[in-house]
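Open the model in your viewer and keep the selection tool ready. We will go from stop to stop.

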Amino acid sequence: MPRLADRRARIELLRAAEAAFTERGLAAARVEDITERAGVSKGAFYLHFQSKDDCFKQIVETFIARLAGCVEPPPIVFESERASINEYLKRILAHDVEVLEFCWQNRALLRMMLAGGGGAPYAYLIDEFAQRVARQVESRVRYAMDIGLYRRDLDPGVIAALISGAFDRLVRKLIDAPSRPDIAGWCAQVLQLFTHGLLAPEVRAVADPSVTEAPPRSAQQTAGAAPAAGATGERAGGERRRSRAKAT
């Protein structure tokens, strides 16, 4: 009677395999390394996976599914009709921070995936995910245009390519960082860049408070001192010219 697959053993094998792959790389990790970590036999491994590559592929597919769920913005983000523009932007910022936090927590596996799985031909999975993200961002841009947040003379496809491409490079920079960076600060900079360059004029007036405060007293004093210095210089120059004229 053939052995039946054990769901719990499969989960333990996947966890052990992910740890082995991230530590050693796909090429150097052995099936024995995985089974020892999982506490199962080599036969149990082949009961669940055809090969080491098959195991890694399942890890990648599972991770991408989790990442896709994280990248998908919650419905509340698009309920802008019930919220102010600033509230909508806060929701976008919180969502972006959550995505980058997820990438940071899974940076070892993500780094290996973006490198092509240690030489394995799994980069196409990343490319497919990138295309899906680009389509999602384009939908977000179109939505922002429809509600009057972004200008209507934009090409949503071009803007989506710019935004998704920028986040792709940002994630690569993030996972290569030697220590945890200021993720919230990074996301705030990105949001500021793309919104202040895309906001419609009437929305800009809402998002950007007018600068109506008087400059600090020290600044006023400095500003007032400058003409006096200039005037002193002019008087000094005039006196020198008059002195030369008398001498002549």
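**Aromatic rings**

The structure holds 4 aromatic pairs. Rings of Phe, Tyr and Trp (its six-membered ring) pair if their centres lie within 6.5 Å; planes under 30 degrees apart count as stacked, over 60 as edge-to-face and the rest as tilted.

Select Phe-21 and Phe-56. Their rings pair edge-to-face, 5.4 Å centre to centre, with 85° between the planes. Phe-21 sits in helix H1 (residues 7–24) and Phe-56 in helix H4 (residues 52–71), 35 residues apart, so the pair links distant parts of the chain. Helices (H or I, at least four residues) are DSSP runs, numbered from the N terminus. Phe-21 is buried at 1% relative accessible area. Phe-56 is buried too, at 1%. Buried means under 20% relative accessible area (1.4 Å probe, protein chains only).

Next, select Phe-45 and Phe-49. This pair is tilted: 5.3 Å centre to centre, 50° between the planes. Both residues are buried.

**A charge over a ring**

Go to Trp-104. Arg-107 lies over its face, 3.9 Å from the ring centre. The rule asks for NZ of Lys or CZ of Arg within 6 Å of the ring centre and within 35 degrees of the ring normal.

**Cysteines**

How many disulfides (pairs of cysteine sulfur atoms within 2.5 Å) are there? The count is 0. Select Cys-103: the nearest cysteine sulfur, that of Cys-70, is 7.0 Å away. Cys-103 is buried, at 3%.

**About the model**

This is a predicted model: local features need pLDDT of at least 70, side-chain atom pairs count only at pLDDT 80 or more, and totals for chains, interfaces and linings use all residues. Residues are numbered from 1 along each chain as its sequence is written, and side-chain values use heavy atoms, leaving out hydrogens and water.

Methods. Disulfide = S-S within 2.5 Å. Buried < 20%, exposed > 50% of the residue type's maximum accessible area, 1.4 Å probe, protein only. Helix = DSSP H or I, 4+ residues; strand = E, 2+ residues; numbered from the N terminus.
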